[in-house]
Amino acid sequence: MLKTDRICAIIFIVALAMMIPSVRWLKFSDEMIAVALGALAIIDCCVNNSWRRYSFLWIIVGIMTFYALYSLLLLDFNTPEAIATDWIIELKPFVPFIVFLAVRPAFSPAQMKFIRIIALANVALSTFLMLMPSHIMKASIGHISTGGTVILASTVAYILASRQKSEHPLNKALVVAMLCSGLLCTRAKYFGIFVCAIFLLCFYRPGMFHNMNWKKATVAVALPALIIIVAWHKIDYYFLSGNSDTVNMEVIESFARPVLYATAALIFVDYLPFGSGLASFATYASQAPYSDLYYEYGINAVFGLSPSYPAFICDAFYPSLAQFGIVGLGLFAWLWIHIASMLKRLIRSNPEKFRLDYVCGWILILFILIESIAGTTFVQTPGMCAMMMLGIVCAKAPAVVTAKDTSTVNTAVLNGI
């Protein structure tokens with residue numbers, strides 16, 4: 001019998017170790033991870049007759065294939081080769097989550113120790129590279145924001161690999177220090193994730209928002225307010241005032257990104273209900289060959305989005321959802337609601353036992369959703385690792401919380417999650 005759990009454990013360890021090298025030297029590592037896990041699922045089905053276990057994966061593949069056919073047969077914005085490439089790109093972040101959710105890999109003590117070592121090494125190396133002169137930093141990790149994404153994903157991996165020790169004061173202090181090192185990336189999106197992570201790790205307790213009083217209401221309002229405050233400069237810079245009336249070649253994304261979001265909104269309206277199709281807008285596959293959709297909306301002249309310099313076409317994940325239209329946007333929202341419901345079942349089944357898993361699950365969700373505002377981490381190796389870990393956490397959730405499962409749990413806690 002094929003030992004899929006052992007193979008998944010090895011794939012995760014390799015992916016975690018490849019997060020930094022994948023930026024410059026192993027650029028196709030994310031595709032290799034997706035292909036390896038997809039092939040593992042198919043082999044598992046053929047060898048172990050496990051087709052039903054991966055039904056969610058086949059549904060996602062079917063949806064993406066529908067959009068590929070829709071793009072080929074009903075639209076004409078790019079070549080079949082570009083559409084096939086985008087099919088892979090858009091599918092790959094969902095494969096790790098679904099396969100790990102289905103396989104439920106278990107890690108040996110030796111593997112857990114190895115994960116902790118890799119996580120600490122990733123944080124140390126990322127911190128070191130962010131402190132280096134800009135030419136060394138760019139040659140190694142491309143952009144300083146990469147250091148923040150690697151540190152966040154590695155910190156969560158460290159927490160999950162040291163669950164039994166994570167509540168120890170010294171270990172908690174180490175985790176906080178790891179997260180603090182990510183502040184060197186100076187990105188507003190990391191500042192927001194950092195605030196959420198510190199709150200969840202250090203202050204959140206199951207049921208703390210049950211029976212709201214003025215103190216709890218203050219915390220509930222203060223947390224999002226603090227996120228906006230620490231990120232406001234960048235929010236204003238990229239989405240409101242921009243770069244004023246001057247053109248600084250080093251910060252040209254302050255123009256390109258708002259153009260992508262504004263055009264995406266128009267595409268959602270103009271191409272109801274399925275969007276503009278694969279390889280048409282805001283993805284790597286839409287820049288080479290260059291999508292005709294950019295000419296249709298007149299943004300081909302925007303520096304950073306032009307055929308001669310398309311560097312900022314693939315600058316944020318959310319604009320690419322315009323390719324899938326209102327239907328695709330609804331499916332994307334449903335996925336995260338479904339994941340949140342699994343985390344809710346997990347914490348309800350045993351609040352004390354699964355508190356850290358629940359917290360890590362929400363940190364990963366917020367990490368992906370916040371990063372996607374101004375980056376494409378979701379479809380890169382750190383995003384793939386985050387989706388694997390999310391699959392590991394969600395796999396612990398019971399399918400249905402029965403009376404027997406919850407009989408020993410305080411009812412007030414259950415109702416107050």
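Q: Is Lys189 buried or exposed?
A: This is a predicted model, so everything here is read off computed coordinates. The cut-off for buried is under 20% relative accessible area. Lys189 has a relative accessible area of 15%, so Lys189 is buried.

Q: Which residue does the side chain of Lys189 meet in a salt bridge?
A: A salt bridge needs a side-chain nitrogen within 4 Å of a carboxyl oxygen. For Lys189 the N to O distance is 3.4 Å. The partner that meets Lys189 in this salt bridge is Glu371.

Q: How many residues apart in sequence are the parts that Lys189 and Glu371 tie together?
A: Lys189 sits in helix H11 (residues 188–202). Glu371 belongs to helix H16 (residues 355–371), and Glu371 is buried, with a relative accessible area of 2%. The pair therefore ties together parts whose separation in sequence is 182 residues.

Q: How far apart are the closest N and O atoms of Lys92 and Asp30?
A: Both Lys92 and Asp30 are buried. The two form a salt bridge, and the closest N and O atoms are 2.9 Å apart.

Q: Where is Lys92, and in which helix is its partner Asp30?
A: The salt bridge of Lys92 with Asp30 links distant parts of the chain, 62 residues apart. Lys92 is in the loop between helix H5 (80–91) and helix H6 (94–103). Asp30 is in helix H3 (residues 29–48).

Q: Which residues are linked with Lys92 in a network of salt bridges?
A: Lys92 already has a salt bridge with Asp30. The network takes in Lys92 along with Asp30 and Glu31.

Q: Where does Asp315, the salt-bridge partner of Arg257, lie?
A: Arg257 and Asp315 form a salt bridge, with 2.8 Å between the closest N and O atoms. Arg257 is in helix H13 (residues 253–270), and the two residues are 58 apart in the chain. Asp315 is in the loop between helix H14 (293–296) and helix H15 (325–349).

Q: How many salt bridges does a search of the whole structure find?
A: The pair of Lys189 and Glu371 is one of them, and so is the pair of Arg257 and Asp315. The search of the whole structure gives a total of six.

Q: Which residues is Trp336 in contact with, leaving aside neighbours within four places in sequence?
A: Trp336 also belongs to one aromatic cluster with Phe94, Phe317, Tyr318, Phe332 and Phe378. Leaving those sequence neighbours aside, the contacts of Trp336 are Ile365, Ile368, Leu369, Phe378, Met387 and Leu390.

Q: What is the angle between the planes of the aromatic pair Phe56 and Trp334?
A: A search finds 27 aromatic pairs in the whole structure. In this one, the ring centres are 6.2 Å apart and the pair is edge-to-face. The angle between the planes is 90°.

Q: Is Trp334 buried or partly exposed?
A: Phe56 lies in helix H4 (residues 55–73) and Trp334 in helix H15, so the pair ties together parts 278 residues apart in sequence. Phe56 is buried, with a relative accessible area of 15%. At 44% relative accessibility, Trp334 counts as partly exposed.

Q: Which loop holds both Ala279 and Ala282?
A: Ala279 has a positive phi of about 60° although it is not a glycine, and Ala282 has a positive phi near 65°. Both count as buried, Ala279 at 0% relative accessibility and Ala282 at 2%. Their place is the loop between H13 and H14.

Q: What is omega of the peptide bond from Ala288 to Pro289?
A: Pro273 is found in the loop between H13 and H14, and the bond from Leu272 to Pro273 is cis, with omega near -10°. Pro289 lies in the loop between H13 and H14. The bond from Ala288 to Pro289 is cis, with omega near 5°.

Conventions: Residues numbered from 1 in each chain as written. Predicted model: local features only at pLDDT ≥ 70, side-chain atom pairs only at ≥ 80, totals over all residues. Heavy atoms only, no water. Helix = DSSP H or I, 4+ residues; strand = E, 2+ residues; numbered from the N terminus. Buried < 20%, exposed > 50% of the residue type's maximum accessible area, 1.4 Å probe, protein only. Contact = heavy atoms within 4.5 Å. Phe/Tyr/Trp six-rings, centres within 6.5 Å; stacked < 30°, edge-to-face > 60°.
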